[in-house]
Number of protein chains: 2
Amino acid sequence: MFKMGANIIDREKREVLFRVFAYDKREVAVVVKSGGAIKELPMTEETPNVYSAVTAGVSLDLLYKFKIDGDQAYPDPYSCFQPFGVHGFSRLIDHEDYRWRDANWQGKDIEDLLIMEIHTGAFSGAGTFKAVAERLDYLVELGVNAVELMPVAQTPGRWNWGYDGVNLFSVNHNYGGPDDLKYLVDCCHQKNIAVILDVVYNHFGPEGNYLPVYGPYFTAKHKTPWGKAVNYDDLYSGYTRKMVLDNVRYWLEVYHFDGLRLDAVHAIKDNSPIHILQEISLTVRNLSLQQNRKLFLIAETDQNNTRIINPLDRGGYGMDAQWMDDFHHVVHTALTGEREGYYMDYGRVKDLEKVYKNYLYTGEYSKYWQRERGTDGSRNPGKQFVVAVQNHDQVGNRAGGDRLSILVEFPYLKAAAGLMLFSAYLPLIFMGEEYGEKRPFLFFTDYGDPELQQAVSRGRKEEFAQFTWENVPDPQDPETFYASKLTPRNAWDRQNQELFNFYRDLIHLRRSHPVLKKPDKDKLEVEVDQENRVAR
Amino acid sequence: MFKMGANIIDREKREVLFRVFAYDKREVAVVVKSGGAIKELPMTEETPNVYSAVTAGVSLDLLYKFKIDGDQAYPDPYSCFQPFGVHGFSRLIDHEDYRWRDANWQGKDIEDLLIMEIHTGAFSGAGTFKAVAERLDYLVELGVNAVELMPVAQTPGRWNWGYDGVNLFSVNHNYGGPDDLKYLVDCCHQKNIAVILDVVYNHFGPEGNYLPVYGPYFTAKHKTPWGKAVNYDDLYSGYTRKMVLDNVRYWLEVYHFDGLRLDAVHAIKDNSPIHILQEISLTVRNLSLQQNRKLFLIAETDQNNTRIINPLDRGGYGMDAQWMDDFHHVVHTALTGEREGYYMDYGRVKDLEKVYKNYLYTGEYSKYWQRERGTDGSRNPGKQFVVAVQNHDQVGNRAGGDRLSILVEFPYLKAAAGLMLFSAYLPLIFMGEEYGEKRPFLFFTDYGDPELQQAVSRGRKEEFAQFTWENVPDPQDPETFYASKLTPRNAWDRQNQELFNFYRDLIHLRRSHPVLKKPDKDKLEVEVDQENRVAR
């Protein structure tokens, strides 16, 4: 198999091989900045549309870009690090350099996971991987045994949720870069915490996406909310498929992640005989066997479609688990009474009974979607569903980024915790939820392109037309980012501590009680009376 | 996805699209013989290395070949029919023409299968698909509910075992061609018989293989007993992989086969991240869901490697079952006392105890292979293994093609039947075994190439150097083929009828008795005493 990107082939001779796919070009060259000198190396068309060049005696942290048809130079699609952001030079990374301490780590069973979702930039004042690593004892105290990092691939500007990533293999320089990420994963493993990475294969960010320069990575064959679809089934989709599969292996192999959370898989359009999700599943199963450690895949999807989590051997896509939004929406509407936007389909407290056993929408008509929605998930075990009462989307996609702590009275926060932690699903806590953080988690961006800056500010306001929300903060305003950072623990109030203790106690109960430890949704009895009391 | 080969795109206008992969060529054309006229159409490079041409007003049974670089013309790698053999013109086939009668057929559970292996040419005097179709009541009487056809893809000459196939999609003209094969499968389904096709993806035949003219379908990266390996993981392996996956779908979709038996999968060399067998499994699972009928895959392998039959979801190759040679060898050596060649590793009657539960070689040292061999298959259910006391290989790969009926006394044939039919595995009967056929099943070929004719005659003799067999019949002698045809039922003797009745009664017992119907190898108790008595 071709190893793409910049690869050290001889450490002694400081010899580096560059390789890139470039479709239908006249000439391709690599511009190398090494030890103060800049040189341009012509690349040879090794096989059609694959160019390579070898150079020796260079610095092993050199910078490079690819020049296409004598025109501008662009970052490498396989760049491991973009120290100057999405538009800048790519840096060669020597992955052998980091000394891992987790040789005995064998991974975790997915059914045991208790996940905290973390945005690295907003988790701490410093906003870095190192700052997360320093706070792991806090997670251990709480009882969380898995960290799910919102996407870390390179995004435009100084901050971003992560879903505007454009360099799939680059570790965001705002968070510290490759070695710091390895250090974080390594520290987690020392503390018996699994690490899940959120990866985005359904679209690319709107700024700094140079993939179209290189080849047909996108196709007009399908439409998505982000325009042209990522090309998984049109001409030359082999490029994209290889890049994605290489990326899956990269995070698990090179960074030792334990699992991936695949963003919005319903937006991955693929009519190939073998769906890319099936190829991803197979790739991960093979890697797991080869490495002899547990690896898992979690899909985010709004489709309530069991095919995504059904086994490959039955034609499913083989994901270990999926997010179940229905659970959130039922709990959220029960506690807040909200009925706007997509919440119009929810609001019956009685629905709790069903949603502990199955999706809520298992083929019923949805007013919001204006069509039938969902399949029957009753035979899929609870460990195939990740549930949350708050997450980055449900909080952050509100105009004001209001957490539940702002929307309901304090005791309801405890009710929400109980509803989630006594379910037979895999609970996911959104950072700050566990102590009733009152600061918002807002949608923030830092685009450099003036047109895009205006579009995002305007678009954000239009997005909430269906809701009655006013005062939509500007995503481009730095204050929007800083306002979203968590309150430091030393600034907690009494209620913060009380809720934390409550979460901690419930979590430890869930993890130690013989019945709750391996919960079985078929053995769960749920009874709801109209005064909103839940008995089990 | 590209539809390769010759495709009817408009029946009214009699419009046909030709498409072919041809790597690194200057010009490609299609030579069309339609209604007495011959014309040559230049083909356009639709996308790099894919050439196509459209023509209208042609006959829908036209003949064609592809002309490469103004040179010779060659048969289509996707040809559906070679009416004049491997070197001749390809014929366009209108697959919509056949009227199927099996709309309600939903397939069979693999665990219920009782298979007869059939060589179409030797099964009857006529040696055609139609002649097999006429004899299905015989199979129903015997109680067999699945037919496994030895390969039907086009082979050189008038007769061949089938493993010299060179046109993966062509139905052998010696057996009648596409419509007759559809008719046979259709008739089987009417009689509640599943049909399995033996397909060969590990090598191509030595004569008429024009694939190398078209592109790098073979690689010197791996060695096989047939020379260069089929290219599954070297440059441009995408061609081969697509062709094989298209072929898998073709037999199941277009010909309604219920399953495939993949020849010698250990000779498929593939170091890709996703093994081609995994892609084949996924393709078949997807198709099964889509068509809502049961489909299965059976691998032939001598490796005793459970990875081949373990589920995709655990990194296995996802085959439903595999052939288990160890069972044959233990029974064969116990009954015949033979110890030559690979039989040197067998011969202990006591081994029967293990081989009812597991492979015999589960990691032990093998004298014949001169290394450790096998993995533990004790946890794989019996329905994952196909066993035989005779099959085309074990009979036909003896110099004299001697069936067990020639090697042992009559009562031993009943013992062999019992040993197989009371196992918890899927039994496979080799045509003729059920009535103790005494005619041999010899290795026969009909190569046209003089060098090859000499080589096969000489090679056959050398192959048996390890054994003490003499008088090796010449595979090229027509008598060798005719001698291998089954005795017609009206020429059976008393013992033939007696053994047939015995097989029939045991088969019906197995298929009706509550314990034998769904046999469980874990519940099986096997006891062997040294006088060769087997109790259960």
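Helices here are DSSP runs of H or I with at least four residues, strands are runs of E with at least two, and both are numbered from the N terminus. The model is predicted: local features need pLDDT of at least 70, side-chain atom pairs count only at pLDDT 80 or more, and totals for chains, interfaces and linings use all residues. Side-chain values rest on heavy atoms, with hydrogens and water left out.

Start with helix α7 of chain B. This helix covers residues 276-291, which is 16 residues. From its first C-alpha to its last, α7 of chain B reaches 22 Å, close to the 22 Å expected at 1.5 Å a residue. The expected span is 1.5 Å times one less than the number of residues in the helix. Is this helix enclosed or open? Of the 16 residues of α7(B), 13 are buried, so the helix is largely enclosed by the rest of the structure. Buried means under 20% relative accessible area, exposed means over 50%, and partly exposed lies in between (1.4 Å probe, protein chains only). Just after α7(B) comes B:Asn292, with a positive phi of about 55 degrees.

Now turn to the place where the chains meet. In chain A, 24 residues are in contact with 24 residues of chain B. Contact means heavy atoms within 4.5 Å. The size of an interface is often given as the accessible area lost when the parts come together. Chain A and chain B bury about 2200 Å² between them, and 61% of it is on carbon and sulfur atoms. Buried area is the accessible area (1.4 Å probe) that two parts lose on being put together, summed over both.

Helix α7 (residues 276-291) of chain A gives the most to the side of chain A that touches chain B, with seven residues. That side divides into 12 nonpolar, six polar and six charged residues. Here Ala, Val, Leu, Ile, Met, Phe, Trp, Tyr, Cys and Pro count as nonpolar, Asp, Glu, Lys and Arg as charged, and the others, Gly among them, as polar.

Salt bridges come next. The term means a side-chain nitrogen of Lys or Arg within 4 Å of a carboxyl oxygen of Asp or Glu. Over all chains, the whole structure holds 72 salt bridges. Across the interface of chain A and chain B there are zero.

The side chains of B:Arg261 and B:Glu148 meet in a salt bridge at 3.7 Å, N to O. The pair links distant parts of the chain, 113 residues apart: B:Arg261 is in strand β17 (residues 259-262) and B:Glu148 in strand β11 (residues 146-149). B:Arg261 is buried, at 0% relative accessible area. B:Glu148 is also buried, at 0%.

A second pair is B:Arg91 with B:Asp61, at 3.8 Å, N to O. B:Arg91 sits in strand β9 (residues 90-91), and B:Asp61 in the loop between β6 (50-55) and β7 (63-68), 30 residues apart. B:Arg91 is partly exposed at 22%, and B:Asp61 is partly exposed at 42%.

B:Glu364 lies in strand β20 (residues 364-366) and B:Lys354 in helix α9 (residues 351-355), so the pair ties together parts that are 10 residues apart in sequence. B:Glu364 is partly exposed at 33%, as is B:Lys354 at 28%. In chain A, salt bridges that share partners join A:Glu148, A:Asp198, A:Arg261, A:Asp263 and A:Glu300 into one network.

Finish in the loops of chain A. A:Asn304 is found between β18 (296-299) and β19 (321-323). A:Asn304 is not a glycine, yet has a positive phi of about 50 degrees. A:Asn304 counts as buried, at 2% relative accessibility. The side chain of A:Asn304 reaches the backbone oxygen of A:Tyr361 at 3.0 Å.

Note on methods. Residues are numbered from 1 along each chain as its sequence is written. Chains are lettered from A and ligands numbered from 1 in the order in which they are written. A polar contact is a pair of N or O atoms within 3.5 Å; within protein, one must be able to donate a hydrogen and the other to accept it, and residues adjacent in sequence count only if both atoms are side-chain atoms.
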